[in-house]
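User: I would like to understand the words used for this structure. Could you take me through them and set each value against its definition?

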Amino acid sequence: MVNALTNMLRKWSEERIKDYSLPQGPPASSFLGDIYLDHVDRKMDKYEGYFRYMDDIKIFCKTELDAKKALKDLIIALRELKLNINAKKTDILIGEDIANKLFDPHHQLMKIIEDIISKKNCMTLKKKHYLRY
């Protein structure tokens, strides 16, 4: 197993690992995160609203108390792996704050661009060919 991981790391970094640093980028991060954070995923499996993408974790709960319990369990699971939560990036959101945090401003921007194009009609390209999502 160690040899297989070493070979993968070498291939991802495109150089031999001389300083034992880990490669950066989505393929390596996703794979290594899935292996290392499997322990956390198993501990948090009891929370229906638990989602993890690489090292970004979101937990959706019905009550603030449930959210605090989930956060406590997450902290314990991460500490078992010698990891810590970044307190500056950790929030328990309630009500409208949830929608504001999850709202994608780029979606709104694309809608504004579509409105401008349709009103001015100055583009020779059709909207469906110009705008890509």
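Analyst: The largest pocket has a volume of about 1200 Å³, where grid points are joined across faces, edges and corners and the volume is the space filled by probe spheres set on the points. This is a predicted model, in which local features need pLDDT of at least 70 and side-chain atom pairs count only at pLDDT 80 or more, while totals for chains, interfaces and linings use all residues. Residues are numbered from 1 along each chain as its sequence is written, and side-chain values use heavy atoms, with hydrogens and water left out.

User: What makes a space a pocket, and how many residues line the largest pocket?

Analyst: On a 1 Å grid over the protein atoms alone, a pocket is an open set of points with protein on both sides within 12 Å along at least five of seven lines, and lining residues have an atom within 4 Å of a point. The largest pocket is lined by 34 residues, and Asp56, Ile57, Lys58, Lys89 and Thr90 lie nearest its centre. Helix α4 (64-79) gives the most to this lining, with 5 residues; helices (H or I, at least four residues) and strands (E, at least two) are DSSP runs, numbered from the N terminus.

User: Why is the pair of Phe51 and Phe60 called edge-to-face?

Analyst: Rings of Phe, Tyr and Trp (its six-membered ring) pair if their centres lie within 6.5 Å, and planes under 30 degrees apart count as stacked, over 60 as edge-to-face and the rest as tilted. By this rule the count comes to 1 aromatic pair. The ring centres of Phe51 and Phe60 are 5.9 Å apart and their planes stand at 70 degrees, so the pair is edge-to-face.

User: How do you know whether Lys82 is buried or exposed?

Analyst: The relative accessibility of Lys82 is 74%, so Lys82 counts as exposed. Lys82 lies in the loop between α4 and α5.

User: What makes Ile98 partly exposed?

Analyst: Ile98, which lies in helix α5 (residues 96-102), has a relative accessible area of 32%, and therefore Ile98 is partly exposed.

Methods. Buried < 20%, exposed > 50% of the residue type's maximum accessible area, 1.4 Å probe, protein only. 1 Å grid on protein atoms, 1.4 Å probe; cavity = no way out; pocket = protein on both sides within 12 Å on 5 of 7 lines; lining within 4 Å.
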